[in-house]
Amino acid sequence: MSPSAIRPGIFWVGVNDRVTDLFEGQWPLPHGVSYNAYLVVGERVALVDGVKAPFGEELLRHIAEVVPPEGIAYLIVNHLEPDHSGALPLLRRVAPGAEILATKAALPLLDALYGIRDRVRAVSDGETLDLGGKCLSFHAIPFVHWPETMATYEETQRILFSCDAFGGFGALDGVLFDDEADLTHYEGEAIRYYANIVGAVSKPVLRAIDKLGDLPIEVIAPSHGVVWRRDPGRVVDLYGRLARMEGEPAVTVLYGSMYDHTREMADAVARGVTGAGVSVRVVDAARVHPSTVLAEVWRRKGLVLGSPTYDTGIFPPVDQVLRLILAKRVLNRVVGLFGSLGWQGGAVRKMADEVAPLGWDLVDKVEFKGAPRRDDLARGEELGRAVAERVRR
Ligand code: FEO
């Protein structure tokens with residue numbers, strides 16, 4: 001994509017990354033990701049946010065279409081994760097006079113990651129920077145997503161550069177703004193991004209929403225995904241719901257199965273859910289990547305977990321997802337459990353033990369031996385119906 005004007009004197013100069021397979025080395029990127037960087041052009045020029053190291057030259061080309069890169073006066077480092085900061089050494093060489101502005105907490109990381117210590121200044125929370133015709137202010141939003149993170153606000157155009165907050169996966173497919181984008185796609189990518197990257201810091205997200213809500217914002221320009229100019233409140237609402245872990249009034253049936261018996265029961269549970277007039281998504285933990293499973297769990301309030309007993313415990317693909325759910329601390333779920341056994345049980349009990357620290361609302365458990373009989377499947381349907389009715393309240 002080419003540089004694009006967002007508002008007078010404010011330009012998107014970021015890049016699309018369609019070649020990285022795994023974000024942070026673990027989260028698949030089937031639709032790519034954008035690293036959004038922004039030029040704020042007043043009498044002096046500031047670059048807000050940056051890109052991953054391999055895309056530094058493309059960033060420089062985009063900047064050069066707007067202003068000479070060597071004339072940049074300030075590099076605003078909202079966040080030091082290398083998807084945004086990786087090009088700093090290159091920018092330093094090209095614009096040697098530029099001063100780096102970041103929070104005090106960022107300075108040790110800047111040194112640790114890049115050995116950069118000179119021409120660096122810590123800005124305080126709420127501090128302003130007059131660029132001449134443009135005016136920036138800095139707002140610490142610690143742990144969204146690292147402790148040093150801040151957001152930057154441009155006062156004349158009322159734009160919030162929110163960094164990871166309000167971002168999403170998904171490269172910019174020929175669009176930049178919410179009013180020209182397929183929001184079903186980009187909001188789905190935002191949910192997956194939230195669950196994978198930001199979900200574990202949901203409390204700081206809620207604090208950031210509360211704090212930034214004091215600013216008169218007309219545009220939200222995050223460091224990933226579309227720029228929200230038509231309806232910035234929409235992505236704030238989405239993030240708020242995700243951070244509060246409200247979940248849609250729907251159910252995810254997450255199961256693993258060795259010989260189809262647990263799968264049969266999963267289908268019975270799903271029939272029970274839909275029979276109660278609630279929508280359901282059935283997910284095979286062995287065949288869907290855990291990052292996608294996590295997003296499915298985050299999306300819906302109801303969750304029914306099914307596992308055969310394997311080595312006296314939980315089927316490993318289900319256990320793997322459960323550990324991820326625990327690590328991300330997904331709360332406020334209405335839950336049912338089911339599982340099969342051959343000569344001894346274990347999976348259902350161990351699933352109940354494993355999720356106990358999350359304080360979920362456990363509706364019921366169903367366990368059956370061998371292949372599910374008609375009465376077992378009826379109990380599965382009843383489990384699905386009971387979870388659905390609790391979710392719908
Ligand atoms: Fe997009 Fe936490 O970096």
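## A helix crossing

Helix 9 passes helix 10 in a right-handed crossing, the term for a near helix turned clockwise from the far one by less than a right angle. Helices here are DSSP runs (H or I, at least four residues), numbered from the N terminus. On the helix 9 side, the contact (heavy atoms within 4.5 Å) is made by Pro290, Val293, Leu294, Val297 and Trp298. Helix 10 brings Gln320, Val321, Leu324, Ile325 and Lys328.

The axes of helix 9 (residues 290-299) and helix 10 (residues 316-328) come within 10 Å and cross at roughly 60°. Axes are lines fitted to C-alpha atoms over the stretch in contact, with angles from 0 to 180 degrees between N-to-C directions.

## Aromatic rings

You will find 8 aromatic pairs in the structure, counting rings of Phe, Tyr and Trp (its six-membered ring) with centres within 6.5 Å. The ring centres of Tyr310 and Phe315 lie 5.8 Å apart with planes at 65°, so this pair is edge-to-face (planes over 60 degrees apart). Phe315 is buried at 10% relative accessible area (buried means under 20%, with a 1.4 Å probe and protein chains only). Tyr310, at 33%, is partly exposed (between 20% and 50%).

## About the model

This is a predicted model, where local features need pLDDT of at least 70 and side-chain atom pairs count only at pLDDT 80 or more, while totals for chains, interfaces and linings use all residues. Residues are numbered from 1 along each chain as its sequence is written, and side-chain values use heavy atoms, leaving out hydrogens and water.

Key
Helix = DSSP H or I, 4+ residues; strand = E, 2+ residues; numbered from the N terminus. Phe/Tyr/Trp six-rings, centres within 6.5 Å; stacked < 30°, edge-to-face > 60°.
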